[in-house]
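User: I would like to learn how to read salt bridges in a structure. Please walk me through an example.

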Amino acid sequence: MALAGYGARVEGVPAVEAALEAGRVRKLRVESRSASGPRVAELLESARGGGVEIEMVSSLAGMAITSSPQGVLAECRPLRAVTLTQLADEAAPAALVVVDRISDPRNLGAIARSAVAAGTPRLVIPRRRGSPLTPTAFKAAAGALERTRVCMVSSIAETLSQLSRMGVWTVGLAADAPTSLLGLELLGEPAALVVGAEHRGLSRLVAQRVDLLASIPMVGDAESLNASVAAGLALFELARVRGYLPKP
């Protein structure tokens, strides 16, 4: 079976800029009133230079999926998902993020953005459950999904078992876990960070399948962190443990 494609529609200036840079844009629609803005004008110039079909429209209302497309919408050649083996083999030691049941595409986009910034641009997402890679996710990612490798799987729980057989440790984020993520030596080994859904956390079966549950210590009395915030903190702790971050 052919691997799924995603990202055939992107909206918002940063997301469209990144898609243009990647050479994926087939057709660009631009609101006439936005064309004189400096970033949109540069975007139009880049599109013309790349031979992209351009359509000027009075409004993107009724065409756009996001609430604020910033005057630009692009139809693109889809990005292709990769296999779990490919994803695990792209870094030594392996480093990836597994997303369990996240329903807000803005959180998914934000996680991709943090993953790229922390040097771990590899995501595993459920094919049917959780947030699809919608234009809203691409807009929130601000171009990061163009630089992120994505594996789509049927079952997150089974994927964790596969990762275990591949020698990759799985670390689930859980607010009530007694083990702290900070300074966790296991992050220096082949590892996958597993992030749960907003408010609900990891599903029961996924929480049972991970090798370790770890929490992010908090000073205040907040009940939990936003999923994308927790993922971002975990990704940068992994980067710190592995020495990915530049020296000050």
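Analyst: Glu 55 sits in strand S4 (residues 53-57) and Lys 27 in strand S3, so the bridge ties together parts that are 28 residues apart in sequence. This is a predicted model, where local features need pLDDT of at least 70 and side-chain atom pairs count only at pLDDT 80 or more, while totals for chains, interfaces and linings use all residues. Residues are numbered from 1 along each chain as its sequence is written, and side-chain values use heavy atoms, leaving out hydrogens and water.

User: What makes a pair a salt bridge?

Analyst: Side chains of opposite charge can pair when their charged atoms come close. The cut-off is a side-chain nitrogen of Lys or Arg within 4 Å of a carboxyl oxygen of Asp or Glu. The structure holds 12 salt bridges.

User: Is Lys 27 buried or exposed?

Analyst: Buried means under 20% relative accessible area, exposed over 50%, and partly exposed in between (1.4 Å probe, protein chains only). Lys 27 has 16% relative accessibility, so it counts as buried. Glu 55, at 27%, counts as partly exposed.

User: Which residue forms a salt bridge with Glu 146?

Analyst: Arg 24 does, with the closest N and O atoms 2.7 Å apart. Glu 146 lies in the loop between helix H5 (135-141) and strand S9 (149-153), and Arg 24 in the loop between helix H1 (13-21) and strand S3 (25-31), so the pair ties together parts 122 residues apart in sequence. Helices (H or I, at least four residues) and strands (E, at least two) are DSSP runs, numbered from the N terminus. Glu 146 is buried at 15% relative accessibility. Arg 24 is buried at 5%.

User: Where do Arg 149 and Glu 90 lie?

Analyst: Arg 149 and Glu 90 form a salt bridge, the closest N and O atoms being 2.5 Å apart. Arg 149 lies in strand S9 and Glu 90 in the loop between helix H3 (84-89) and strand S7 (95-99), so this pair ties together parts 59 residues apart in sequence. Arg 149 is partly exposed at 36% relative accessibility. Glu 90 is partly exposed at 33%.
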